[in-house]
4 protein chains.
Amino acid sequence: MAKIGIAGASGYTGLELLRLLVNHPEAEIGFLTSETYPGESISKVFPSLSGFIDTKLSSIKSVSSNICDILFLALPHTTSMEKVPYFLKGHTKVIDLSADYRLKDPAIFKKWYSLPHKQTAILKEAVYGLPEIHREKIKSARLVANPGCYPTSITLALAPIVTEKWVDLSSIIIDSKSGISGAGRKGSLATQFSEVNEGISAYNIAAHRHTPEIEQELSALAKTNVQVSFSPHLVPITRGMLSTVYINLKHNLSTVKLVEHFKNFYKGEPFIRILPLGEYANSHFTVSSNFCDIGVQVDERNQRAIITSAIDNLIKGASGQAIQNMNLMLGISETTGLNFPGIFP
Amino acid sequence: MAKIGIAGASGYTGLELLRLLVNHPEAEIGFLTSETYPGESISKVFPSLSGFIDTKLSSIKSVSSNICDILFLALPHTTSMEKVPYFLKGHTKVIDLSADYRLKDPAIFKKWYSLPHKQTAILKEAVYGLPEIHREKIKSARLVANPGCYPTSITLALAPIVTEKWVDLSSIIIDSKSGISGAGRKGSLATQFSEVNEGISAYNIAAHRHTPEIEQELSALAKTNVQVSFSPHLVPITRGMLSTVYINLKHNLSTVKLVEHFKNFYKGEPFIRILPLGEYANSHFTVSSNFCDIGVQVDERNQRAIITSAIDNLIKGASGQAIQNMNLMLGISETTGLNFPGIFP
Amino acid sequence: MAKIGIAGASGYTGLELLRLLVNHPEAEIGFLTSETYPGESISKVFPSLSGFIDTKLSSIKSVSSNICDILFLALPHTTSMEKVPYFLKGHTKVIDLSADYRLKDPAIFKKWYSLPHKQTAILKEAVYGLPEIHREKIKSARLVANPGCYPTSITLALAPIVTEKWVDLSSIIIDSKSGISGAGRKGSLATQFSEVNEGISAYNIAAHRHTPEIEQELSALAKTNVQVSFSPHLVPITRGMLSTVYINLKHNLSTVKLVEHFKNFYKGEPFIRILPLGEYANSHFTVSSNFCDIGVQVDERNQRAIITSAIDNLIKGASGQAIQNMNLMLGISETTGLNFPGIFP
Amino acid sequence: MAKIGIAGASGYTGLELLRLLVNHPEAEIGFLTSETYPGESISKVFPSLSGFIDTKLSSIKSVSSNICDILFLALPHTTSMEKVPYFLKGHTKVIDLSADYRLKDPAIFKKWYSLPHKQTAILKEAVYGLPEIHREKIKSARLVANPGCYPTSITLALAPIVTEKWVDLSSIIIDSKSGISGAGRKGSLATQFSEVNEGISAYNIAAHRHTPEIEQELSALAKTNVQVSFSPHLVPITRGMLSTVYINLKHNLSTVKLVEHFKNFYKGEPFIRILPLGEYANSHFTVSSNFCDIGVQVDERNQRAIITSAIDNLIKGASGQAIQNMNLMLGISETTGLNFPGIFP
């Protein structure tokens, strides 16, 4: 039974960790922190948890460094950066859901986040927590940088082919659509119901901070520098993310063969489902599950592969993946506590 | 390990039974029927189940009567009526999610459903499957009539007080709001996305077929004939139901005392949560769970109790409650396979 | 051509006034104020207005008192109270969309708003701006207190019968459902998309500040003190409001006769539509229009009338009604600039 | 005053034509046809029109050929094809909202619609009704083929640059997102509320029938054969469409310059709004208006233009554009009856 702490439990990813962990057979929740509701009971903040957990929220400042086996940091970007060293010293393993330890190159971090990375030594040992790609390293990691939701859906869509000679790596275009919960739990005007309901909007085109994270992972896989055009969009659903990825083929290929290629690549992966021929990803079928559904299509008229990839942004795109990483770090079955179908409708 | 069959597996309540049963430790799914998709795999119909269950759908006509221990009938109203005798003969226990065996009085059935009840003998032994009220009878039942979603939310809201002398039983007014999934899975114009999205509408005011079901249960509890005004409304959410129930008090009462009364009444009930003083039911916090959340308020200016009651219409209002009944009929813990918090947001 | 000013133009009711006024043939928009975006162009704040109006927003402090013929105050409650005297002195007619001048009795205002009314002299001359009830007084008013959205939908539903001897005035129960835009345009956590989407919730049961406003109007109509139980609910749509109103009848009445009674009462009213026999109000059919649709039903089993009433909360429930009042005050046709059907779907 | 007929008035585009025409100063609605509700009043079918128009629906078979000046055909694809010759003979001008007369090349029609075009003579004289591109021809047309919603948003996004030497015409990728109303008004399972709500899905990737329509218009503009990859997506909103268009640049360009290029190209266009530098299209700001909002961005890291383009699919994408065409055909101001801002929120 592993002792678990969650820093930032009153946000959406914190809540989602809690919801999944209260039924996890190998985890025992220790402390929960929140700077917004210190002293409050977590079930007061989230009545959906009532009857399951009643822990009082404390400030992270009051938490000693060696109080748990696994610590999840569900903190705002840049806040995590400074907390990690303290807990690592206390022999706690850390899974950081922020972006702070995802980018290997401090120069790239500085460029996209407009501030220098202050923990470059620790950054070096952080493992990027995408189990389908870095499973072995995650098992022995002290610090896992849990991937962003966009990079998860996109890297999984492209991993099977960026390694191949028959794709044109300079042609990658990614058009992603995200539900609103990705913006986190805070009272901003931009994500008010009336502002975003009944609208589809593009934002941060070719300038989103997940771009370097995507490029880092694709470059590592392709063993060459890969650059992408990445356009995120906001869609009025609470949960769900769909990425549509375009890449030119150097010679034509049938959809049948490409589907097969994907199925082989992900053979045995418990949370990847390659859709049958002629079907495209629909985020609705992944909501509330840890699955990534991938649809594979070749536009034969234009010699181009079009891959669609769907996840629940708060589960496979955040807290579910974090627990998948925890399972690996604890040496238990990777699917423990995550092996359930999504809820439909 | 109980062998389970589901007739009508390709509807929403059928799917929800399946989703809950694939992770139920004491249930093994045997056959699934569908008249719409005979021969099709269930995971083709519902891709969310892909990786969990792949059973082929068959016609109910091809199913032998003694093939399973528990049979769920998730069939359209009036279709169930004729199927039940066949399976009861085969020593299968039946949980019927339709309205066919809910009304004890065949005359009332005929009045509201405009056709005579053809199985009045079997009707007599059917047990109304609201565990909080009929737990003991359910345990030994051969046939359970699983309650409707509206009657569940309403009976649970009123059960603690219709037995009391200090309420005016002639004053009950019920204003319910339901998500769209309650209309079932079929291609009707009335529940098209564009028709119902961004609208709130009343329907079947004072004429909804759940009225006699509500009145039957309240009358049995109150030991006198109770009539209610029941107004259902449609709201553009997929899942969720909120009932607001009004009843006059014969003398004034503080909200504090009424909350306490409700807490005592439901003491030990695993799926009823009486909300803290000053809080009202919000269906959002019950979605994807088997809970019924009840908010209690006295309008002291008008000497009236106003009870709000929220459920997930497909879980506590249908398939979750059906599994709760199954657990009772199997003699296992009532919460087996149902003991999880709702998903928020 | 009347010169118009709008104070608080960057909120939803301000925007809605603007949208309607840019196409109003007898209105010319003069100044617009906003304390949130002073110096900004209104079409920058609301890109939907781009190409129609480009006025710079100024602070209300910089506005002289006699600069326009009609001033709309779309300010937060209690802010209006202090601004009105200044503009009335400048011979501007004022339409106040806040609650500050709606309650005739300062003691009741103090009770529900927890602060004393500071302009009791002006309060006396304020006219409650529900044209269907107070049309003649509105025509000659200097100050119109524009009704709240709930009181509009409710008073219109009850006005035809609270004057009748055959209703029991002590039995009125009002169950209202509102879209989220009624909460205004501000960055609060409570109305974030992810918080309210896919949920139905009750709030302020028997304690909402619109209660005394409803009771004031019903009492005036009934010529006796009327008290009601009023329960507001929040529903995840942007615009739209549905009120379901229950009132006991002293003797039974057919629905046919009650529908006729309503049709007679509202004969000639341009913005009231009594629905055909057997139909209930659906907010969807009033969205983006100034109509109030009213459905009339008798629950003959229980000798009770159940009236459903639907409006667009931002139009008939706020800015449309304000322009209807403006038209009356200007002595032009009441429907000017408002005579369009709602948008469906 | 032009006499207007609408065939297929009980669908969404028919309703939208009606809604816009009841307030059009130069149009008088004559007959309305519907094969689904013959004999019914249109305001019974669409209560939002109640008080504005009450015309009885008739079958198209009963309509004589010369009864109106302008006939809108809002019929299913392939039904229009056969009706057009009859009405043209009667000296009626026809605006066809179906796809039947959009594709100039009968061979391409046959390829994508799997049936031969039976009216190739009439097809030759049909004018593609995108006023920003074909304004002069529309003015004198007898038959206008009103563009599809996707082709409208996409052609307007690309028209300013496919004519330029500095773009790579072989690199065009189009990722479109549509609201559900685009699927029309019919009771299909696929567009039921519960099926599509809370999901984002791709469909008909590289195989949608609007592809040849887009390619026809872009090829004509570019004066060379242009092929595109077109991926449509479904998003749970009622109205609205956003297209994100990617095209490689042969040399780098600043966003500032590209914005200016677009502004010059569309100078004086009444329904095109080029968004300010750094802003992207948001369908929410165009809903219920005839505007097309276009956001212009260069991804300078990848030498690629990314154009976002938003419309209301039922207005600029269908019925609004049809009325814009009607205005041109009648020789009246192009913006008559269409000159209003969208509704927000």
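# Exercises on domain and chain interfaces

Domain 1 and domain 2 of chain A bury about 1200 Å² between them, 52% of it on carbon and sulfur atoms; buried area is the accessible area (1.4 Å probe) that two parts lose on being put together, summed over both. This is a predicted model, in which local features need pLDDT of at least 70, side-chain atom pairs count only at pLDDT 80 or more, and totals for chains, interfaces and linings use all residues. Residues are numbered from 1 along each chain as its sequence is written, chains are lettered from A and ligands numbered from 1 in the order in which they are written, and side-chain values use heavy atoms, with hydrogens and water left out.

## Exercise 1

Describe how domain 1 of chain A meets domain 2 of chain A.

Step 1. Domain 1 of chain A covers 2–125 and domain 2 covers 150–313; these bounds come from an automatic or database domain assignment. The centres of the two domains, taken over C-alpha atoms, are 27 Å apart.

Step 2. In contact (heavy atoms within 4.5 Å) are 13 residues of domain 1 of chain A and 12 residues of domain 2 of chain A. On the domain 1 side, A:Y12, A:R102 and A:W112 lose the most area to domain 2, together 50% of what that side buries.

Step 3. The rule finds 2 salt bridges across this interface of chain A, a salt bridge being a side-chain nitrogen of Lys or Arg within 4 Å of a carboxyl oxygen of Asp or Glu. A:R239 and A:E16 meet in a salt bridge through their side chains, at 2.9 Å from N to O.

Step 4. α1 (12–21) and α4 (106–113) of chain A are the elements that give two or more residues to the side of domain 1 that touches domain 2. Helices (H or I, at least four residues) and strands (E, at least two) are DSSP runs, numbered from the N terminus. The largest share of that domain 1 side, 3 residues, comes from α4(A).

## Exercise 2

Which element gives the most to the side of chain D that touches chain A?

Step 1. Start with the extent: 52 residues of chain D are in contact with 52 residues of chain A. The area buried between chain D and chain A is about 4100 Å², and carbon and sulfur atoms give 52% of it. In chain D, the residues that lose the most area to chain A are D:E198, D:I200 and D:R301, together 19% of what that side buries.

Step 2. Between chain D and chain A the count is 4 salt bridges. A:D175 forms a salt bridge with D:K177, with the closest N and O atoms 3.0 Å apart.

Step 3. Elements that give two or more residues to this side of chain D include β8 (167–178), α9 (211–222) and β11 (241–249). With 8 residues, β8(D) gives the most.

## Exercise 3

Step 1. Most residues other than glycine have a negative phi, and most peptide bonds are trans.

Step 2. A:Q303, a residue other than glycine, has a positive phi near 50°. A:Q303 is in the loop between β13 (292–299) and β14 (304–311) of chain A.

Step 3. C:F344 and C:P345 are joined by a cis peptide bond with omega about -5°. C:P345 is in the segment after α11 (315–330) of chain C.

Step 4. The peptide bond from D:F344 to D:P345 is cis, with omega near 0°. D:P345 lies in the segment after α11 (315–330) of chain D.
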